[in-house]
Amino acid sequence: MTEHSLLPDCMPIDPWWDLYMPATFGEPGAVLDALEAAEASTPAGGRGDFYAVAARAFAVLGRPVEAERLSEKAFRLGGAEADALATFLCPDGIERATRRLQGGGRPGVRADGGCDLAALLVQLGRVEAARAAVEQALTVCPGHAESARWRRFLAEADVMAQVRVARDPRRGRTIARNAMDLIPTRRTGWLSAERYHRRVLGSVPQADWSPAGTALGRLQDAGISVCFFALDHEYARIAPDHALVALELEADALRACVEEGRDVAGAAAALWEASALDPEAQQDAAQLLVALATADARLAPLGLEAAGWLALHHPDRGLLWEGYLAWLSHLAGLDTAVPRARALAATRPTAALAWKLALEVLRAQGHHDEVEVLARAARAEPVLSAIACELLDDPVPTPLRMVVSGRLTPRWPRTARRARAR
């Protein structure tokens, strides 16, 4: 250990969090400290994987000499991560990725190998072979999110044009975003941005995954770390074919389509229809649809239906739903948007977000003088003063994009109480 090391010997090291992630923030010192701590505390049998992730980290940092030295160490010692890295650095990469896909182990890890195989094949112009690899990955791990994104990408007409653009980031991300997010490069340490999002950010190490025979294990295999319909410990106790798992997969697919700018109608309708299994699931789905509709106006009609359902079944938060009904009516281009917003703004609601939504509708529709009058009148009201000052200080309308967090409360409280009593 160095004198100023950030990681004491007693601290367990996660290679992705402690080596790779600091590299993405441009922190070589933190990477070096973590590597030194890992070398001092990790059993020899597991060092190959640490060296493999460290090699990726130094590639991200733009230090190819260290990256090559560490990758050679990783290959000599072996391990799953070493093999995954060798897929992109050794001449037999296609064979390695094929073995990873067709071998044993967790379905999600095998499907990850299938995505790496698709990345190698598509860069050789073998689009049909890449499609076959993705379909095999989805057979091995149904619902695997990265494979599903590959399927959507490979269904496009200009796949190879996007691949060529992705090789030169100076051309910009917009026209080749999917290729850039899916194909690993030296700049990303031979890890796709999609894999980083799915397997590192917000996720748990693979060693801590729930068994594959549980709902949580299936979701982890699929690459889903944010759940909306139950808590992780609840999913860990139910079967992988539970109806809520299908709902989580539908929700993730819809969020992905919104983020990728793809057609959302089919995924949104599937989620809303599937959520009808019980009122609590429908409430969770409705809140997600309302939030996503603020990010994608194409969802506004279904978002209005969901907000109406929430207003009917959960009138305790009626003012909030009225605010969303006004905003989504605006996004949908309905004449009812301004009358709804005026009625809500006139009530001076105690729900600050509802009031903000109402005034944002009026602002977006060009009624700036009316907004200024309402905002000045609300400056002395404790609940509304902060938003009122914000509206007065920034008169230019800004796009509203709401976010729904993952579920925070137990779906089955009785089950949770019984678990605590044991």
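**Helix packing and buried residues in a predicted model**

Val165 is located in helix 10 (residues 159–166); helices (H or I, at least four residues) and strands (E, at least two) are DSSP runs, numbered from the N terminus. Residues are numbered from 1 along each chain as its sequence is written, and side-chain values use heavy atoms, with hydrogens and water left out. With a relative accessibility of 10%, Val165 counts as buried, where buried means under 20% relative accessible area, exposed over 50%, and partly exposed in between (1.4 Å probe, protein chains only). Val165 and Met180 are separated by 15 residues in sequence and, from C-alpha to C-alpha, by 8.6 Å in space.

The chain as a whole contains 24 helices and zero strands. Its C-alpha trace spans about 70 × 50 × 45 Å along the principal axes. Of its 422 residues, 49% count as buried. Contact means heavy atoms within 4.5 Å. Among contacts between residues at least 6 apart in sequence, 60% join residues at least 24 apart.

Helix 8 (residues 127–140) packs with helix 9 (residues 145–154) at an angle of about 150°, and their axes are 9 Å apart. Axes are lines fitted to C-alpha atoms, for helices over the stretch in contact, and angles run from 0 to 180 degrees between N-to-C directions. The angle makes helix 8 roughly antiparallel to helix 9; angles under 35 degrees count as roughly parallel, over 145 as roughly antiparallel, 65 to 115 as roughly perpendicular and the rest as oblique. The crossing of helix 8 with helix 9 is left-handed, a term used if the near helix is turned anticlockwise from the far one by less than a right angle, with clockwise giving right-handed. On the side of helix 8, the contact is made by Val127, Ala130, Arg131, Val134, Glu135, Ala137 and Leu138, and on the side of helix 9 by Ser147, Ala148, Trp150, Arg151 and Leu154. By class, this contact has eight nonpolar, one polar and three charged residues (Ala, Val, Leu, Ile, Met, Phe, Trp, Tyr, Cys and Pro count as nonpolar, Asp, Glu, Lys and Arg as charged, and the others, Gly among them, as polar).

Helix 9 also holds Arg149, which counts as buried at 3% relative accessibility. The side chains of Arg149 and Glu194 are joined by a polar contact of 2.8 Å, and those of Arg149 and Glu260 by one of 3.4 Å. A polar contact is a pair of N or O atoms within 3.5 Å; within protein, one must be able to donate a hydrogen and the other to accept it, and residues adjacent in sequence count only if both atoms are side-chain atoms. Not counting residues up to four places away in sequence, Arg149 touches Arg177, Asn178, Asp181, Leu182, Glu194 and Glu260.

Glu194 is among the buried residues of helix 12, together with Arg195, Tyr196, Arg198, Arg199 and Val200. Six of the eight residues of helix 12 (residues 193–200) are buried, so this helix is largely enclosed by the rest of the structure.

Trp272 lies in helix 16 (residues 265–274) and is buried, with a relative accessible area of 10%. Neighbours within four places in sequence aside, Trp272 is in contact with Gln282, Ala285, Ala286, Leu289, Leu302, Glu305, Ala306 and Trp309. For Trp272 and Ala306, the separation is 34 residues in sequence and 8.4 Å in space, C-alpha to C-alpha.

Technical notes:
Predicted model: local features only at pLDDT ≥ 70, side-chain atom pairs only at ≥ 80, totals over all residues.
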